[in-house]
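Please find below a colleague's note on the structure, arranged as numbered points.

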Amino acid sequence: MTTAERQPRPVRAEPGELVEVSFTVNGTETTLRLPARVTLSDALRDHLGLTGTHVGCEHGVCGMCTVLVDGEAARACLLFAIQLDGAEITTVEGLGKPDDLHPLQRSFGRNHALQCGFCTPGFLMSSYDLLTEKPEVTAEELPAELSGVICRCTGYRNIVTAVRETQEEFPAGIPAPGNCGRHALAGRSAGQTAGSLPEADEEPVATEIVLPDGAPTIAVQIATEVAVEDSRVWTVFDDIALLARCLPGAELTGELGDDLYSGRARVSVGPIKLAFNGVAKILEHDREAGRMRVLAQGQDTGGAQTQADIELRTEASGDGTVLHADAKVYLTGRIAQFGRALAGDISRRMFEQFAAAVAEAATSGQAPEGPVKPPSAAKLMLGTLFDRIRRALRRR
């Protein structure tokens, strides 16, 4: 279906209401909840972190925001995101990889077809569309065909040369985009009031957990010791409902069968307050080997998403047990605003709380009273400061 043929679904949204939209961006399926007024360009930049799509005039004149929608060039500033439910979208990030650029990108660099670079994404996507739809375009026609994107600092000669060179290199048609696959999308905001804490009362967004390709947003390795025997720790690990009660901010809401569980979790660090609905799948639960592996994913009402591959291990240590956690975490949305260092500190503090709750449950045989609250922003800052002071003193 072409962009022109796509019929937007009828949507009537109240002021401030979030509307759910699902589409595929550079091969990655994603679902966002956005105000109806959010444009595709803002959704790509602010909610998915794809800032290669530049915004210039915001009137559809300059062409800076050109992307492909269902294989055709389109102005992202003129489309509302909620119009594109089910669409296939390709941005400049999907064109090529940093270590394996698309031929068009290589030609632009080789021919110095850019200066400030602001118009370059628009030219790349528009040129790709041109050479795909009209591979026989003549040299004389190229300037007019490329006039839909405005460059303010080159003079176009090198841009035309770069496109012409790519056309001659691939007379039968240029290669398809080379960086479309499952990726972690990390946006800068989620279209949600910073001070509000959404209700996590919806069903999980999906029960199939497929982790993105590539490096995780955060990779953490944590270990902490508890004064409880290994066998008693595993009495907690064997009881999934009890184990869930030990997770800071988490709540088990249902057993879906085949070691799949639904739940909700709340995260509140300073002004960032999120509530996730999600699922967790236990892939390995080996008491004898002292190892448990879990895949988890969740999404909040503002579009923030998290996916994780977590391995928990226990190691006997005298009269106690060392708990190890290795986690690969993929973040999207406002939660991805956390820097890696801060995210690591948050993960460590929450794991220490989890370990303490496990020790309490193993000792008493009962879950901790009330939900285990995640650490406050003040405690995180103070704890991080003290840890760094201790590390500095040890180095001295």
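1. The secondary structure of the protein amounts to nine helices and twelve strands. The model is a predicted one.

2. Of the protein's 396 residues, 47% count as buried. Among contacts with a separation of 6 or more, 66% are accounted for by residues 24 or more positions apart.

3. A search of the whole structure for aromatic pairs returns two. In the pair of phenylalanine 123 and tyrosine 156, the ring centres are 6.1 Å apart and the planes stand at 70°; the pair is edge-to-face because that angle is over 60 degrees.

4. This pair links distant parts of the chain, 33 residues apart. Phenylalanine 123 belongs to helix 3 (residues 120–133), whereas tyrosine 156 sits in the loop between helix 4 (142–145) and helix 5 (157–169). Phenylalanine 123 is buried, with a relative accessible area of 0%, while tyrosine 156 is partly exposed, with a relative accessible area of 33%.

5. The rings of tryptophan 234 and phenylalanine 237 have centres 5.1 Å apart and planes at 65°, so this pair is also edge-to-face. Both residues lie in helix 6 (residues 230–237), three residues apart, which is about one turn of the helix.

Definitions and conventions
Residues numbered from 1 in each chain as written. Predicted model: local features only at pLDDT ≥ 70, side-chain atom pairs only at ≥ 80, totals over all residues. Heavy atoms only, no water. Phe/Tyr/Trp six-rings, centres within 6.5 Å; stacked < 30°, edge-to-face > 60°. Helix = DSSP H or I, 4+ residues; strand = E, 2+ residues; numbered from the N terminus. Buried < 20%, exposed > 50% of the residue type's maximum accessible area, 1.4 Å probe, protein only. Contact = heavy atoms within 4.5 Å.
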